[in-house]
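Hello,

Here is the structure I promised to pass on to you. Have a look at it first, and then read my notes below.

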Amino acid sequence: MVGPDYTGTPPSGFQAVIKIPTNSMWIIGRIYTTGTDADVEDIKNNIYPSLTLRPLSYWQKNIPYVLPDPLPLEPMADFITPPLNQVAGMDACAFFGGWER
C-alpha cells in the first residue's frame, strides 16, 4: 500500500501496489486459530514474524529499516477508562468539542 503521491513501478517481486488516500495507515489483521497449543505455536513462530509494515523504499533500496521514535502520548488522555465508557460519559459539547485543538 502506498500513499497518494507515490509514482513509479513496484519493486522486484511485487505484483502491484495499492494506492490509499492518505500517507497514514493501520493494519488490523485476524488470524484464525483452533486454540490448540500446536496451532498457537505455528502462528506465533511462522505467521506473526512475517506481518510487517515498512516503507516501500525498504524494498526498493534493500537497506535496513529503522523504526521511528515513538510519538509522545497526549498528556491529558485517559488510558485507564475504556473508550466506550469515556464516550458514554460525555455530553454532546464534550464529544464534539474534543476534536478541536
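A word on terms before the findings: a residue is buried under 20% relative accessible area, exposed over 50%, and partly exposed in between (1.4 Å probe, protein chains only). Please bear in mind that this is a predicted model, where local features need pLDDT of at least 70, side-chain atom pairs count only at pLDDT 80 or more, and totals for chains, interfaces and linings use all residues. Residues are numbered from 1 along each chain as its sequence is written, and side-chain values use heavy atoms, with hydrogens and water left out.

Now the fold. The chain has four helices and zero strands, taken as DSSP runs (helices H or I, at least four residues; strands E, at least two). Its radius of gyration, over C-alpha atoms, is 20 Å, well over the 13 Å from the globule rule for 101 residues, so the chain is more spread out than a compact globule. That rule is 2.2 Å times the number of residues to the power 0.38. Along the principal axes, the C-alpha atoms fill a box of roughly 50 × 45 × 25 Å. Buried residues make up 9% of the 101.

Then the aromatics. The structure holds one aromatic pair (ring centres of Phe, Tyr or the six-membered ring of Trp within 6.5 Å; planes under 30 degrees apart are stacked, over 60 edge-to-face, the rest tilted). Phe95 and Phe96 form this edge-to-face pair, at 4.9 Å centre to centre and 90° between the planes. Phe95 is partly exposed at 31% relative accessibility, while Phe96 is exposed at 56%.

Best wishes
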